[in-house]
Amino acid sequence: MPVLARVIEAVGISTVIVTPMPYFAEALGVPRAVGVAFPFGHPLGHAGDRDEQMKVIGDGLRVLREAPGPGTVEHLPYEWPDFERWKREWQPAEPSPIVALLRERMRAQAEERRADPSLRSE
Amino acid sequence: MPIDSFRWLPGAIGAYYRGLPLQKVEPIPWTPLAKPIEECRFALVTTAGLYMKDRDPSFDLDGERRNPFWGDPTYRVIPREARQEQIGVAHLHINPADLLADVNVALPVQRFLEMEAAGKIGSLAPSSYSFMGYQPDNSEWEKRYAPEVARRMKEEGVDAAFLTPT
């Protein structure tokens with residue numbers, strides 16, 4: 001997403017990002033962003049919660065208007081209740097192809113270590 | 001309190017992302033807002049993998065299943081008239097249930113139309129845009145698709161873009 005904002009900003013369109021990962025906005029450099037402590041797939045809040053969505057949008061527009069210069073990233077204070085449940089809830093029912101593949105590789109490496117004691121790190 | 005960007009991820013995946021070497025490219029582009037928000041025309045951009053079910057193809061999820069190190073870099077246009085039931089979600093890395101119930105959690109078309117009607121923004125542009133956010137290599141975005149979207153925004157007189165990664 002940082003690259004999308006940078007390319008759009010560069011043609012003369014002001015941008016603001018609402019992101020659950022402000023770390024990347026800060027590390028890669030974006031014109032303006034607000035961070036939200038919301039799970040993936042929910043940058044503006046809960047489904048059906050118009051007031052919450054409007055509040056976050058309003059903060060985004062405020063930063064769009066008031067940011068003093070490039071690299072402005074503000075962390076919004078809103079909380080997301082029921083963290084433990086949502087840590088699972090935001091995820092797809094089936095692991096994504098890359099997660100499935102990496103898990104499989106890790107499992108295979110663990111089995112190799114078991115079969116060949118010289119590969120053990122201890 | 002600063003937000004922990006990795007709090008939702010399983011430990012090993014969070015550690016992987018945290019360890020990625022990142023390079024900040026300077027200067028960061030900057031376009032001062034040209035006019036008051038109440039006069040600006042907005043376009044929305046999300047990476048939720050949204051598409052118009054009856055009109056456009058889905059994102060290429062089979063391609064990603066064949067090569068998990070690749071994600072479809074193309075984008076779809078979502079018109080301002082789009083209704084909830086016309087929108088599909090093609091994204092293998094999130095639970096799509098809430099987007100299918102209320103797309104405004106990631107592409108706030110209804111909220112921007114409400115602000116337009118209330119005079120809080122100038123207008124919502126005819127077109128908004130959805131990408132699919134799993135991009136291990138974003139060079140196609142940078143070289144081809146983001147410039148294309150930026151050009152379309154200019155053609156529609158967009159002043160400001162509101163971006164919502166998922």
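In this predicted model, strand 1 of chain A and strand 7 of chain B (residues 160-164) run parallel and are joined by four bridges. Within this pairing, A:Ile17 sits opposite B:Leu163, a residue of strand 7 of chain B.

The contact draws on 59 residues of chain A and 51 residues of chain B. On the chain A side, several elements supply at least two residues each: helix 1 (2-10), strand 1 (14-19), helix 2 (22-28), helix 3 (50-66), helix 4 (83-89) and helix 5 (97-115). Helix 1 of chain A gives the most to this side, putting in eight residues. As for the kinds of residue found there, the side of chain A that touches chain B splits into 37 nonpolar, 17 polar and five charged residues.

B:Asp98 belongs to helix 3 of chain B, which covers residues 97-101. Is B:Asp98 buried or exposed? With 22 other C-beta atoms within 10 Å, B:Asp98 is buried, because a residue counts as buried once 20 or more such atoms lie within that distance. Which residues are in contact with B:Asp98, once its neighbours within four places in sequence are left aside? From chain A come A:Gly41, A:His42 and A:Ala47, and from chain B comes B:Val105.

Turning to chain A as a whole, its make-up is five helices and three strands. Along the sequence these follow one another as α-β-α-β-α-β-α-α. Chain A is more spread out than a compact globule, because its radius of gyration is 20 Å, well over the 14 Å that the globule rule gives for 122 residues. Taken along the principal axes, the box filled by the C-alpha atoms of chain A comes to roughly 60 × 35 × 25 Å.

Chain A is also divided into two stretches, domain 1 (2-81) and domain 2 (92-122). Taken over C-alpha atoms, the centres of domain 1 and domain 2 of chain A are 36 Å apart. Of the 122 residues of chain A, 41% count as buried. Looking at contacts in chain A between residues at least 6 apart in sequence, 48% of them link residues at least 24 apart.

Definitions and conventions. Residues are numbered from 1 along each chain as its sequence is written. Chains are lettered from A and ligands numbered from 1 in the order in which they are written. This is a predicted model: local features need pLDDT of at least 70, side-chain atom pairs count only at pLDDT 80 or more; totals for chains, interfaces and linings use all residues. A residue is buried if 20 or more other C-beta atoms lie within 10 Å of its own, exposed if 12 or fewer, and partly exposed in between; C-beta atoms are placed from the backbone. Two residues are in contact if their C-beta atoms, placed from the backbone, lie within 7 Å. Domain bounds come from an automatic or database domain assignment. Ala, Val, Leu, Ile, Met, Phe, Trp, Tyr, Cys and Pro count as nonpolar, Asp, Glu, Lys and Arg as charged, and the others, Gly among them, as polar. Two strands pair if DSSP finds at least two bridges between them. The radius of gyration is taken over C-alpha atoms; the globule rule is 2.2 Å times the number of residues to the power 0.38.
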